[in-house]
Amino acid sequence: MGMRDRLQAYVPAIVLVALVAAIGLYDNTFFSSGNLLTIFADTMTLFLMASGVTFVIMIGGIDLSIQSVASLASCILAISLPRFGFGAVPLAILGGTVSGLLGGLVSTRLRIPSFIATLAVSGLVLSAAYWLSAERSINVSSEDSDRVLGWVVGETAGVPNEIWLGLAVLAILSGLFGLTPFGRLVRAIGSQERAVMASGIDVNRTKVAAYALSGTMAGVAGVVMGARLGSGSPTLANEFLLPAIACIVVGGTAITGGVGSIWRTFVGALIVQVVRIGMTFVGVSAFAQQIVFGFILVAAVAATMDRGKIFVIK
Amino acid sequence: MEPVLEIRGVSKAFPGVKALDNVSFSVGKGEVVGLIGENGAGKSTVLKVLNGIYKPDSGGVFIDGMSANITSPRDAFDKGIAMVFQEQLMLPSLTVAENIFLGREEEFLKYGLISKSRMNVAAAIELSKVRLNVAPSTRCSELSFADRQMVEIAKALSLDSRIKGDVTILLDEPTSVLERKEIDLLFEIIKDLKQRASIVFISHRLEEVLAISDRVYVMRDGKVVFETTAADATVKGLHQHMVGRQLHNEYYREARQRHPTAVPVIEAQDLAKKGRFSNVTFTLHEGEIIGIAGVIGSGREDLAKCLAGHTAIDAGVLKIGGKPVSFRAAYDATAAGIGLVPSERKIEGLVASFSVAENMTLAAIPKFVSGCVLRFALENKTARDWVDRLKIKTPSTGTMVGSLSGGNQQKVVLAKWRVAGVRVVILDHPTRGIDVGAKEDVYELIRDMTAEGLAVILLGDTLEEVIGLSSRILVMRDGEIAATFNAAPGNKPTQVELVGHMV
C-alpha cells in the first residue's frame, strides 16, 4: 500500500471527527451523552443494512434489493410473531437470506449483471411483502415485543441494545472479511476476477454467498426496524437503499470492487447519519438535504475510485 | 535521403521493464523500413510512440525534420501517420465503411446527418486499393479474420487520399494472419504505395522483411542493435543480431533436460474444438516438456485453454493419470493437477493488488485454513520459502505483487502452482515481457520443475525457446498437429525445420 492509499483509508474517520466537532461547536448540546447515544443507536439500522451489501460491492457487484428485503423481513416478523414467538426472528432473517440467494443465483447462473438481477428480485420481494401483509401495516403487540424483541429495543449497561448488536455485527463481519477464506476470495474477486478463476476457484460460490449474506443482513435490519417501530410493512425500509449505498461509498469502499472493509462502512454510516442530523441542527430544509446527499455521494466516489486506472465508465 | 519521419533518442519505461532505451530510427520518403526483433524487443512500442499511443519518457519525434508532439492516434492521422495494429481493432457491429471512416464522419455530413451512400462510395474506393471484394455496407462481424485484416489495411491506406503531403503507414505484423495469396497482394500494394508513402513494416518472418524492405532495423531488449540495407543482409545474419548471442546450450539449461519417464500424465486422444483444432493426439509424461509451435490461428492457444479447463473441448478423450476427465471450468483442471501460467500475466495470472504471499496461496487456499480461519503464519512461512527458492526479488512477502518487475511477477505465478502442488504446468508465453536475466531464471525454474517430476506443456515466446527447452515438439498448423519432432539434448531440430511445417 502506498502512502497515499494509507492516508486515504483514514480520511473518512477524520471527516467524521471533523463533522462531529463542527456541529458540536455550533451547538454544545449536541455533545450530551444522551444525544450522542441516540444518534449512534439510530445509525445502526442503516449500518446493518449496508454491512452485507459491502461484501457484494467488494466483489464488484451491487445489491439493489436490500430495502425490499428488509421490508419483507419486517412483514414476516410481524405476521409470524404471534404464532412462533422467538422463532419469528430467524424466520424473518431466513426470508432475507433466501432473497439474497435468489439474486445471487440469478446473477451468476444466468450470467446477468447484478444490477438487473437484484432489481428484478427486488420487485419480486416487494410483491411478496405486499401479498403477505395484505398491503397493510401489521402491528406488533407490545406484549410480543417485550417478550421476544427486548434484545433489540432494550438497554444493557445504559447503552441501547441496537448499539451492542451493531458492534457485534461489526466484529463478526470484520472477522469474516479479514480472517476467513471467504473474505480473502471476496477481495480477490473484486480485484481481478479472471485471475481467481484461472487459479482454479469456483468464483460463483463465493459470489452467491456474498449475495446471500447481503440478503441476510437486510433481513436483520428489517427485524430491527420492525422491532423499533413496532410494526411490519411492505414499505417500511423505503428510502433506505440510497443512504445504505452512500454509507459504503462514503466509508471508502470502492464501488468498482476489491478495496474496502466493514469498519469503513461503519464509519460511513456514522458520517451519513451525522450529516443528516447536522443539517437538521443547522436548519437545512428536508428537501435541500437530498441535494447535499447527492453531492456527498459523487464526491465520495470521486475520492475513493482510482479513476486514473479506469478507462471505460459504464 | 531526407527522413520524413524520425525518432531520436527515445526511451520509454513501463513498471518493471524498460521497453525502449535510447532508440533512434528514421524513415525516408518512399522508403519501406523493416523492423525486426524477438517478442518484447520493443518493436510495437516504437510504432505506438510514432502513432501517439505512448508518450516517450525522453527523446522526441520529428516529422520532416521538425519536432512534433503526437498526442493521439487521431493526431497522428492528421499528421500523416496511420497504423495497422497487431491485434485487430475493428468494431464488429459496424459496417466496413463505418469502420474505415471511424472518427472522420464529418467528411460525409449532409445537413448534420451522415450520408451513408457517400460514405459507402468512398469506402468502395479504399477497398478497391486492397482488392477486397466485399460490399462497404457489410458488417465487419460477418467478415473472415483475414478480410478484416485487409479492411484494417484499407483504413490505414485511406489516409493517403485524404492527407496532402507525406504519408507514413505503420504495419505491425500485418501478415501473421494472412494466407500466402493475401501476403503477395499486400506486398504488391506496398510496392505501389511507395510512390506516395513511406512504410514501416514489422514482421516475424525475416524472409518477408528482406523481400519487401529497403532498409532494416534490428531491435533487442529495447535497443536498436543493428541497421542495414536489405540488399546487404541475410536471414542468418539478421537472426544472429536479433538473438545477440551464439545460440549456446547453456542458455536453455540443456544439460538438465531430462529423459522423459514412461509414466504418462496426460493422454490426449483426438481432441477437437469446433473451428479451433481437431485430431489432437499426444501423451505427456512425467518430467517431460512438450513444446507446441505454431503461428497465430494454429490452434495452439485454444488447445492450451482447453487443457487448462478455461474452455471446453467438443470431442475426444482426455485422460489425466489414466482416468478420463472432463472439465467444466478451470477448477476441475486444477483439481486434476493442471495449472496454467497465462500469457496475460496481470489479468489471469495474478491479483495485482494482492501481496506476494496472498498470490502464492491463491490456488491452494484450503491448505491454509484451520477451522474456518486462514493460517497467516503458515501462509507467510510458505511464501518466504518460495521467495528464497525461486530467488524472487521482493522487499517482503507482504509486498503488493503489482509493484514487482515482470520477471519476479512470473516467478510468483510459478510459485502459486508449485504451492498448489499441480503435476502439469502449461506455460503460455512464460517469458513474454520479461528481461533477459529473468528469462534465464525462469528457464532454470522450468528445469527444476521437471527434475521434480512435473510435466510441462510449453507455448514458447520464440521458436528458439521452444526448441531449447522441449524434449518433444508438436508443430500445429490450421488446428492440427502437422509434425512431431524429438528434441533430445544435442540433437535438436532447427527453426527452419519447424517453420516448414508451421506455414
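What you have here is a predicted model. Chain B carries 17 helices and 24 strands. How does its radius of gyration fit a compact globule? For 503 residues, the expectation for such a globule is near 23 Å, and chain B comes out at 24 Å, so the two agree. Along the principal axes, the C-alpha atoms take up a box of roughly 70 × 50 × 45 Å. In terms of burial, 49% of the 503 residues of chain B count as buried. As for contacts in chain B with a separation of 6 or more, 69% come from residues 24 or more positions apart.

Now the sheet. It is open and has six strands in chain B, running in the order β6-β9-β10-β3-β11-β12, with mixed pairing. Which strands stand at the edges? They are β6, residues 81–84, and β12, residues 223–229, in chain B. Each has a single partner strand, so one side of each has no neighbour in the sheet. On average, neighbouring strands are turned by 20° against each other, ignoring direction.

Look next at the β12 end. There β11(B), residues 215–220, pairs with β12(B) in the antiparallel sense, over six bridges. In this pairing, Arg220(B) is opposite Lys223(B) of β12(B). Packed on the sheet is helix α8 of chain B, residues 235–243. Helix α8 touches β3 (32–37), β11 and β12 of chain B, and its direction makes about 30° with that of β11(B).

That is where I will stop.

Technical notes: Residues are numbered from 1 along each chain as its sequence is written. Chains are lettered from A and ligands numbered from 1 in the order in which they are written. This is a predicted model: local features need pLDDT of at least 70, side-chain atom pairs count only at pLDDT 80 or more; totals for chains, interfaces and linings use all residues. Helices (H or I, at least four residues) and strands (E, at least two) are DSSP runs, numbered from the N terminus. The radius of gyration is taken over C-alpha atoms; the globule rule is 2.2 Å times the number of residues to the power 0.38. A residue is buried if 20 or more other C-beta atoms lie within 10 Å of its own, exposed if 12 or fewer, and partly exposed in between; C-beta atoms are placed from the backbone. Two residues are in contact if their C-beta atoms, placed from the backbone, lie within 7 Å. Two strands pair if DSSP finds at least two bridges between them. Axes are lines fitted to C-alpha atoms, for helices over the stretch in contact, and angles run from 0 to 180 degrees between N-to-C directions.
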